Amino acid sequence: MNEEFYLHIFNKQNRIEPVPSNQEIADWAINLMNLLYPERLTTPDYSINEIKRLFFKQEKELVRLLNATKACEDFNNEGIVTAFFEGLPELYRKMNTDIAAILSGDPAAKNEFEIIRSYPGFLAIALYRIAHVLLNAHVPLVPRILTEYGHSLTGIDIHPGALIGEYLYIDHGTGLVIGETTVIGNYVKLYQGVTLGALSVEKYMADTKRHPTIQDHVIIYSGATILGGETVVGANSIIGGNVWLTKSVPAGSTVYNQSSIKVIETKDTK
């Protein structure tokens, strides 16, 4: 490699604005999850005072992370963090609706402990919900880092900007994509491989609604792709597996592929 290349990397390094590592940011969120859901820990045994101290520690850690982020230097970071923790009981309530949706919708789910401890769908939704609150407070970088961390752990890609209602049920979830301007109502069920995406990804569309709206009580089965900011899936609809949908469907619709499958019986070779 020549000297010019080394100089390029050196100059690029000097232009980078400070941001805590992705792992530090992720660790903060996971520690918060562990406080909210002691089911995630091996043998939790905290007194009330210890729980208060740990929440206070989480507040101070988030202030530190924001203060250490160059893009947040002109923000009232202490005010943002205070508002976040004041709203934490409501955030926790919403997370609990997701647990309830999984428990009632998945025959394989035995209890809440199992969902909290092992279900990737719940972890991805929970990290999204934390990130979404921070994004609404105009915190840069951190929300996307949190949802991408969830993506790396679960294979479920939820943009922190999506608007998601209560009682979201994600079953399996691997390969699921929920785009930035997606709107999802209450009591929606999503299976693995579903894409709620954009018809076009031109940069000039950054400030427009590019992703679909999914109304209440909709079920979308595995492999379905629903695209476009004007596409609305009406309430109580069912979207079958591997459907490709780019236009709205009214409430109560059932949309499915008509595939032709042939089964040829082989002769007994005995």
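Good morning. Asp 98 belongs to helix H5, residues 88-105, and Arg 129 to helix H7, so the bridge ties together parts that lie 31 residues apart in sequence. Please keep in mind throughout that this is a predicted model.

Is Asp 98 buried or exposed? Its relative accessibility is 0%, and because buried means under 20%, Asp 98 counts as buried. Arg 129 is buried as well, with a relative accessible area of 4%.

Let me now step back to the whole protein. The protein has 270 residues, of which 42% count as buried. Its secondary structure comes to eight helices and 14 strands. Taken along the principal axes, the C-alpha atoms fill a box of roughly 65 × 60 × 50 Å. The protein exposes about 15,300 Å², and carbon and sulfur atoms supply 53% of that area. Consider also the contacts between residues at least 6 apart in sequence: 46% of these join residues at least 24 apart.

I return to the salt bridges.

Another links Glu 148 with Arg 144, where the closest N and O atoms are 3.2 Å apart. Here both residues sit in helix H8, four residues apart, which is again about one turn of the helix. Glu 148 has a relative accessible area of 28% and is partly exposed; Arg 144, at 42%, is partly exposed too. Salt bridges can also share partners: Glu 24, Glu 61 and Arg 64 are joined in this way into one network.

Next, I turn to the packing of two helices. How do H7 and H8 run relative to each other? The axes of helix H7, residues 120-136, and helix H8, residues 142-154, come within 8 Å and cross at roughly 175 degrees. Angles over 145 degrees count as roughly antiparallel, and H7 and H8 are therefore roughly antiparallel to each other. On the H7 side, the residues that make the contact include Leu 123, Leu 127, Ile 130 and Leu 134. On the H8 side they include Val 142, Leu 146, Tyr 149 and Leu 153.

His 138 is found in the loop between H7 and H8. At 62% relative accessibility, His 138 counts as exposed. From His 138 to Arg 64 the separation is 74 residues in sequence and 17 Å in space, C-alpha to C-alpha.

His 172 has a phi near 65 degrees, a positive value in a residue other than glycine. His 172 is placed in the loop between strand E3, 169-170, and strand E4, 177-178, and counts as exposed at 52% relative accessibility. His 217 likewise is not a glycine, yet has a positive phi of about 60 degrees. His 217 lies in the loop between strand E8, 213-214, and strand E9, 219-220, and is partly exposed, with a relative accessible area of 41%.

Let us then look at a strand residue. What does Thr 225 touch, leaving aside residues up to four places away in sequence? Thr 225 is in strand E10, residues 225-227, and touches Thr 195, Val 243, Trp 244 and Leu 245. At 13% relative accessibility, Thr 225 counts as buried.

My last topic is the surface. Met 1, Phe 5, Tyr 6 and Ile 9 make a nonpolar surface patch of about 450 Å². Ile 9 is in helix H1, residues 3-15, and is partly exposed, with a relative accessible area of 41%.

To close, I recall the opening pair: Asp 98 in H5 and Arg 129 in H7 are tied together although they are 31 residues apart in sequence. Thank you for your attention.

Notes:
Residues numbered from 1 in each chain as written. Predicted model: local features only at pLDDT ≥ 70, side-chain atom pairs only at ≥ 80, totals over all residues. Heavy atoms only, no water. Patch = residues over 30% accessible without salt bridge, like charges linked within 9 Å, V, L, I, M, F, W, Y side chains within 5 Å. Areas by Shrake-Rupley, 256 points an atom, 1.4 Å probe, with all protein chains shown as cover. Salt bridge = Lys/Arg side-chain N within 4 Å of Asp/Glu carboxyl O. Buried < 20%, exposed > 50% of the residue type's maximum accessible area, 1.4 Å probe, protein only. Axes fitted to C-alpha atoms, helices over the stretch in contact; angles between N-to-C directions. Parallel < 35°, antiparallel > 145°, perpendicular 65-115°, else oblique. Contact = heavy atoms within 4.5 Å.
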